Amino acid sequence: MNSPSYFEIQAADPERAIGFYTAVFGWSFTKVTDLPIDYWRIQAEDMRGGLLKRPTIAPPPRSGTNAYVGSMPVTNFDGTAIAILKNGGQVALEKFAVPGSCWQGYFLDPEGNTFGLFQVDENPK
């Protein structure tokens, strides 16, 4: 109870964002009709979420994050990072070791949204 159970991604170009997240994480998207906004449900293995057309302008680049940042667990950090870059993403903070826990890093999607990756590793070196 009282923990996040749903996330949303805002995008100026929803089709570009859908292509990115489908290519990188294999998520699928379903357009929801009869809403006053353009909205897609995200189907992912263990998460529930949505993607919507950004209702206002995005913050300018390098201005910091103005929302929650979610991190996705992956089994191969480096392989996923390559897929992110190949599909138009950028590195926001290089991969680093979290002692006793994981490898962590942060990226920007093609819409400028920040998200993280982590690969569980109790002894990252």
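Predicted model: local features only at pLDDT ≥ 70, side-chain atom pairs only at ≥ 80, totals over all residues.
View 1. Leaving aside residues up to four places away in sequence, A97 touches C102, W103 and P124. From P73, A97 is separated by 24 residues in sequence, and the C-alpha atoms of the two lie 14 Å apart in space.

**View 2. The buried side of helix α2, residues 77-86.** The buried residues of this helix are F77, T80, A81 and I84. They lie on the same side of α2 because they cover an arc of only 105° around the axis. The elements that cover these buried residues include helix α1 (14-25) and the strands β6 (90-98), β7 (102-108) and β8 (114-120).

**View 3. The opposite face of helix α2.** Turned away from the buried side, this face carries I82 and K86, and both residues are exposed.

**View 4. The two ends of helix α2.** At the start of the helix, a side-chain oxygen of N76 comes to within 3.3 Å of the backbone nitrogen of D78. Just after the helix, G88 adopts a positive phi of about 95°.

Key. Residues numbered from 1 in each chain as written. Heavy atoms only, no water. Buried < 20%, exposed > 50% of the residue type's maximum accessible area, 1.4 Å probe, protein only. Helix = DSSP H or I, 4+ residues; strand = E, 2+ residues; numbered from the N terminus. Arc of directions from axis to C-beta. Contact = heavy atoms within 4.5 Å. Polar contact = N/O pair within 3.5 Å; in protein donor to acceptor, adjacent residues only side chain to side chain.
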